[in-house]
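Subject: Handing over the two-chain model

Dear colleague,

Please find the structure below, together with its sequence. My notes on what was found in it follow directly after.

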Amino acid sequence: MAPASPYIGRPMTRKEDPRLIQGLSHYVDDIQLPGTHFMAVVRSPYAHARIGSIDTSKAKSAPGAVAVVTGPELHGVIGVIPCAAQIPDMKPAFREVLATDKVRFVGEPVAVVVASDRYAAGDAVDLVEVEYEPLPVVVDPEKAIAKGAPRLYDQFEDNVSYRWELEGGDVAGAFKAAEKIVSQRMVNQRLIPVPMEPRGVVAEYIPGENQLNIWTSTQIPHLARTQIAAMLNFPEDGVRVIAPEVGGGFGAKLNVYGEEALTAHLAIRLERPVKWIEGRREHFQCTIHGRDEINYMDVAAKSDGTVLGIRCRVIADLGAYYQLLTPMIPTLTGLMICGSYKIPAVRMEIIGALTNKMATDAYRGAGRPEATYFIERAMDLVAHDLKKDVVEVRRINFPKPKDFPYAVPTGLTYDSANYQKSLAVVLKMSGYTKLRAEQAALRRKGRYIGIGLSTYVEICAMGPSSAMPAGGWESATVRIEPTGKVNILTGSSMHGQGQETTHFFEPANFTFPFGAHVCVVEVDPETGDVKLEKYFAVDDCGNAINPLLIDGQVHGGIVQSVGQALFEEAVYDSEGQLITGEFTDYAIPRAHDIPRIRTNRTVTPSPVNPMGVKGVGEAGTIGATPALVNAVVDALAPFGVRHVDLPIKREKIWRLIHEASKSAKPPEKAAAKKSAKAPPKAASRKSSKAKARRK
Amino acid sequence: MHDDYFADLNFFPRRVNLLRLSQCFPGEFTAGPLRPEAIMAVDVEVRVNRKEHRSSIEPRLLLVHYLRDTLGLTGTHIGCETSVCGACTVLLDGKAVKSCTMLAAQADGSEITTIEGLAATYTGNGNLHPVQEGFWEKHGFQCGYCTPGMILAGAALLARNSRPSESEIREAISGNLCRCTGYQHIVDAIDYAAKKMKKSKR
């Protein structure tokens with residue numbers, strides 16, 4: 001039970017805001033220590049190559065340059081980039097902070113220069129001459145794990161990082177008893193988190209005290225401190241890591257990067273502060289990527305829609321090297337693959353693939369957006385193949401509130417839920433029955449509206465808990481000052497969520513926030529354009545502490561899902577060049593792409609912590625992508641389209657419609673029987689859209 | 001002091017203390033040649049937040065670096081290298097411009113308002129500009145990094161359109177990327193400011 005308080009449940013503005021709206025806060029690049037020198041990184045232009053000679057003479061004598069450092073001199077001096085994930089038998093694909101004999105992805109650091117100002121550092125980078133011997137590149141993860149693929153590591157026999165399996169219940173029996181087996185290959189594409197502030201570090205060394213102060217745009221200052229100290233073999237109590245104002249993270253800054261150790265190392269050597277600020281192109285290439293899973297999924301179902309079991313074979317594209325949690329993220333997909341359904345049998349096989357790309361790691365949702373996408377698309381496919389209603393198929397398979405705590409065959413126990421209630425609320429809120437009637441009427445006029453549903457659950461509160469064997473305990477100190485004021489010191493590190501305003505505590509187990517979303521789109525069959533018309537979100541985060549902040553998190557997460565569904569994709573060409581490496585090519589949603597999002601809440605307190613809270617920061621990013629994709633597929637149902645791969649781009653839709661039209665009787669002809677006006681209506685709709693754009 | 005940033009390379013070539021690191025490094029570093037900053041300087045005169053500045057700068061110095069590094073006004077942020085994100089938005093002679101896409105030399109003779117100077121343009125007595133207040137009241141930002149640019153884009157909109165519709169607001173800020181908010185509370189914040197400014201009729 002949440003303690004009674006006049007503040008809980010009320011929308012409250014944030015204490016931290018005044019400095020941020022007046023430009024008075026300090027992000028890492030705003031920190032200006034006297035005598036600061038600037039580090040810049042020489043990066044590989046090749047995705048796979050052996051390094052020959054490196055000529056640093058011109059760079060060393062460039063105006064303002066004070067140091068140039070290459071990989072071989074740091075081998076054994078700075079430790080490898082840390083990976084805290086341990087999957088049985090995973091290959092040790094760890095990376096040195098500067099490449100020594102080989103580079104394995106475009107952007108891999110090869111050398112660093114230090115100069116008196118950032119422009120001089122940029123000039124000196126261009127003067128470092130590196131000889132490369134290009135090697136064959138592999139970027140397709142399925143090709144990478146197949147026989148005969150170019151091997152990234154001479155010491156490994158193939159590019160398989162690990163194989164991970166999970167099985168619960170009688171899977172063979174489920175598929176034997178199935179009255180229908182629904183199968184689909186699904187792609188959850190590679191994304192780039194893109195916080196608005198790129199990364200950056202300022203390192204300062206105080207020799208007399210052997211003290212290292214590091215300001216870094218990070219989500220994990222405590223972990224970074226431990227790891228950087230270890231990488232440098234520096235006494236941990238002499239290292240202080242400070243997270244200044246952090247301009248967004250989304251998991252991209254939940255990591256320890258080579259540049260953090262490099263700036264610190266150089267600050268010690270040069271005995272002057274060293275600053276490194278990431279450029280945006282560097283960020284796209286060299287800050288962790290997200291998602292990137294291919295799933296071959298089979299669902300065993302009865303003809304009434306009851307799901308008896310599921311089988312998945314996932315190929316996870318990890319990139320060339322591990323960062324902090326790289327191999328672990330896809331296993332979270334395995335744990336949550338059953339979603340909000342009572343599925344008695346599940347088998348999940350994950351193959352981690354090494355490719356000539358940047359590492360993947362945790363990006364908002366970390367494995368659960370993938371799981372939710374797979375299971376929510378699967379439920380729509382079951383409905384499609386069995387000619388059932390998408391709402392009814394979900395209802396038939398929901399566990400009931402009294403079934404909780406509910407043991408899932410993946411090994412988790414869901415804490416509390418009422419999936420029926422959140423679904424009912426969103427259906428009412430969206431006027432679902434009316435939407436379906438409107439859809440039918442518009443189809444007869446040659447317009448294609450789609451209505452998509454997602455009923456998601458996700459796993460949260462993965463900090464300190466008795467369910468997790470590894471450390472990371474939260475702690476707090478309460479100090480009462482002589483003036484009577486109370487000082488609370490906690491370890492939480494904020495990057496936009498408003499923790500200076502909200503309470504914190506330690507949960508006893510995982511929590512499982514859930515919700516139901518409905519989205520309405522219109523697809524233009526002549527251009528493949530998808531317009532997001534309406535979005536309704538019902539989210540249950542347990543007891544709601546600050547509704548204003550909760551809405552902010554939900555909106556932000558949903559819009560990132562819109563990005564995944566309709567706009568974003570990290571694309572590497574066959575030479576391993578990242579061709580979506582700037583905002584000009586990698587499109588994140590803008591204000592005019594999004595309609596007003598209607599939000600609501602159900603409240604199902606979690607029994608596992610005294611506040612009854614579940615968490616909400618990732619819910620929107622987890623729940624919304626499947627609602628959007630389900631809506632587009634629903635819009636294209638009259639064309640016989642059953643599935644569209646992420647991301648849903650105009651060309652894909654156009655091709656699907658035109659391929660379907662070739663093989664089947666086009667729906668316009670069927671509609672023409674009822675209305676002879678169908679073709680002209682399409683033309684007039686196009687011109688009214690053009691008029692709207694000109695406004 | 002900030003105006004002399006590029007001239008003030010007030011250090012002497014030093015030997016790095018190798019006592020702790022001597023096992024690791026075969027050589028030692030001395031500082032490279034000083035920057036020949038005097039060779040290609042350009043003089044600029046700019047009025048920023050109602051204060052005159054005269055500076056001697058490199059021709060290639062971007063306006064955003066001039067504001068942040070030379071003048072120390074770090075409220076304006078850098079989010080990209082391709083003039084897309086809008087985090088660097090300032091008001092130049094009343095118009096919203098992306099300061100990463102201008103050279104400081106191009107701003108010679110102009111009047112610039114950054115986020116630090118916005119409140120003074122409205123009330124002159126230290127209170128917040130209504131757009132800033134809207135961002136606070138309506139939770140119009142989370143991490144705050146896009147926020148200065150977003151606030152100035154909002155202020156520029158309201159200067160030319162005092163009663164924008166929701167779609168007009170969304171169009172006006174479509175040159176400013178935000179990854180945190182999903183834009184809805186930003187729209188609410190600018191709408192709040194429009195109503196407040198209309199009420200006080202300034």
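Strand β2 (residues 49–55) of chain A is joined to β4(A) by two bridges, and the two strands run antiparallel; strands here are DSSP runs of E with at least two residues, helices are runs of H or I with at least four residues, and both are numbered from the N terminus. One point of this pairing is Ala49(A), which stands opposite Val103(A) in β4(A). The strands belong to an open sheet of three, in the order β4-β2-β6 (chain A), with antiparallel pairing, where two strands are taken to pair if DSSP finds at least two bridges between them. Because β4 (102–103) and β6 (129–134) of chain A stand at the edges with a single partner strand each, one side of each has no neighbour in the sheet.

Before going further, please note that this is a predicted model, in which local features need pLDDT of at least 70 and side-chain atom pairs count only at pLDDT 80 or more, while totals for chains, interfaces and linings use all residues. Residues are numbered from 1 along each chain as its sequence is written, and chains are lettered from A and ligands numbered from 1 in the order in which they are written.

Strand β1 (residues 37–43) of chain A is in another setting: seven of its seven residues are buried, so the strand is largely enclosed by the rest of the structure. (A residue is buried if 20 or more other C-beta atoms lie within 10 Å of its own, exposed if 12 or fewer, and partly exposed in between, with C-beta atoms placed from the backbone.) Both faces of β1(A) are covered, with His37(A), Met39(A), Val41(A) and Arg43(A) buried on one side and Phe38(A), Ala40(A) and Val42(A) buried on the other. Two bridges join β1(A) to strand β12 (residues 274–277) of chain A in parallel, and there His37(A) has Val274(A) as its bridge partner. Six bridges join β1(A) to strand β5 (residues 109–115) of chain A, which runs antiparallel to it, and Phe38(A) is partnered there by Ala115(A).

Val114(A) links several of these places: leaving aside neighbours within four places in sequence, its contacts include His37(A), Phe38(A), Met39(A), Ala121(A) and Val274(A), a contact being a pair of residues whose C-beta atoms, placed from the backbone, lie within 7 Å. Helix α4 (residues 118–125) of chain A has Tyr119(A), Ala120(A), Ala121(A), Ala124(A) and Val125(A) as its buried residues, and what covers them includes β1, α2 (57–60), β3 (65–70) and β5 of chain A.

The largest nonpolar core has 271 residues, and those with the most contacts inside it are Val112(A), Val113(A), Val114(A) and Val632(A); such a core is a set of buried Ala, Val, Leu, Ile, Met, Phe, Trp, Tyr and Cys residues joined through C-beta atoms within 7 Å. Helix α16 (residues 619–635) of chain A gives the largest share of this core, ten residues.

A few backbone details of chain A may be worth a look. The peptide bond from Phe404(A) to Pro405(A) is cis, with omega near 0°, and Pro405(A) is found in the loop between α12 (390–397) and β16 (406–407) of chain A. The bond from Leu646(A) to Pro647(A) is also cis, with omega near -15°. Asn210(A), although not a glycine, has a positive phi of about 50°; Asn210(A) is partly exposed, with 14 other C-beta atoms within 10 Å.

As for chain B, six helices and five strands are found in it, and 52% of its 202 residues count as buried. Where does it meet chain A? In the model, 56 residues of chain B are in contact with 59 residues of chain A, and α3(B) gives the largest share of that side of chain B, four residues.

On confidence, the predictor gives the complex an ipTM of 0.90 and a pTM of 0.90. The mean pLDDT of chain B is 84, and 78% of its residues reach 70 or more, pLDDT being the predictor's confidence in each residue, from 0 to 100. Over residues 1–34 of chain B, however, pLDDT stays under 50. Where pLDDT is low, the predicted coordinates should not be read in detail.

With best regards

Conventions. Two residues are in contact if their C-beta atoms, placed from the backbone, lie within 7 Å.
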